[in-house]
Amino acid sequence: KWLIVWPGEAVGEQWSVAEGNRTREGVGELESEVRSDDVRYTVVHQGPGEGIFVPSGWWHQVLNTRHTISINHNWANMHCVPCMWDYLRAEYGAVEREIEDVRELMSEEEWEEQCQMVLRANVGWEYKEFGEFVRCNLKRFRDDGSQLYGIDDVKSFLDSFPF
């Protein structure tokens, strides 16, 4: 049973990754909460052999009613780049705080390199790789003429990157 909340609804902000992946006991409890808060949502009952696609920005919670094997993939696309960037910067800040005690032993260049290395170990990529990912996707969008996610907005967003 899937509870899928429409983008922009308050419950998606209250139960976001930024708040530590908080969860409820079950979909039923959350369903009555969103119903009482007049939140737009959809409930989907998924059967054996069926797949569900949840677009970026659609908060969701799943209650498995039987033994289940879940195969999922989290897509990274231009729609979620700002959230990904916010997360990467927050994690970078956490890295800086965690290793602050050795900062004075390094030059600024060495410090930055060390922080990026730890960031990559913790998150899976660092600033430069993230920037290359975004640039590659922007190029693909420009080549095919598509502007699905507001290319000018994403380009100006990229201008603020620290690399």
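**Charged side chains up close**

A: Start at the surface: His73 counts as exposed because its relative accessibility is 54%. Here buried means under 20% relative accessible area, exposed over 50%, and partly exposed in between, with a 1.4 Å probe and protein chains only. This is a predicted model, in which local features need pLDDT of at least 70, side-chain atom pairs count only at pLDDT 80 or more, and totals for chains, interfaces and linings use all residues. Residues are numbered from 1 along each chain as its sequence is written, and side-chain values use heavy atoms, with hydrogens and water left out.

His73 sits in the loop between strand S3 (59–62) and helix H3 (81–98). Helices (H or I, at least four residues) and strands (E, at least two) are DSSP runs, numbered from the N terminus.

Now the charges. Lys and Arg count as positive, Asp and Glu as negative; His and the chain ends are not counted. Glu126 lies in the loop between helix H4 (108–123) and helix H5 (127–144). Glu126 is buried, yet has no salt bridge. A salt bridge needs a side-chain nitrogen of Lys or Arg within 4 Å of a carboxyl oxygen of Asp or Glu. For Glu126, the nearest side chain of opposite charge is Arg120, 5.4 Å away. A polar atom of the Glu126 side chain does lie 3.0 Å from the backbone nitrogen of Lys128. Leaving aside residues up to four places away in sequence, Glu126 touches Leu88, Gln116, Leu119 and Arg120 (heavy atoms within 4.5 Å).

Arg120 does have a partner. Its side chain meets that of Glu129 in a salt bridge (2.7 Å, N to O). Arg120 is partly exposed because its relative accessible area is 42%. Glu129, at 27%, also counts as partly exposed. Arg103 meets Glu100 at 3.8 Å, N to O. Arg103 also meets Glu108, at 3.4 Å. Glu108 is exposed, with a relative accessible area of 55%. The structure holds 4 salt bridges.

Technical notes: Polar contact = N/O pair within 3.5 Å; in protein donor to acceptor, adjacent residues only side chain to side chain.
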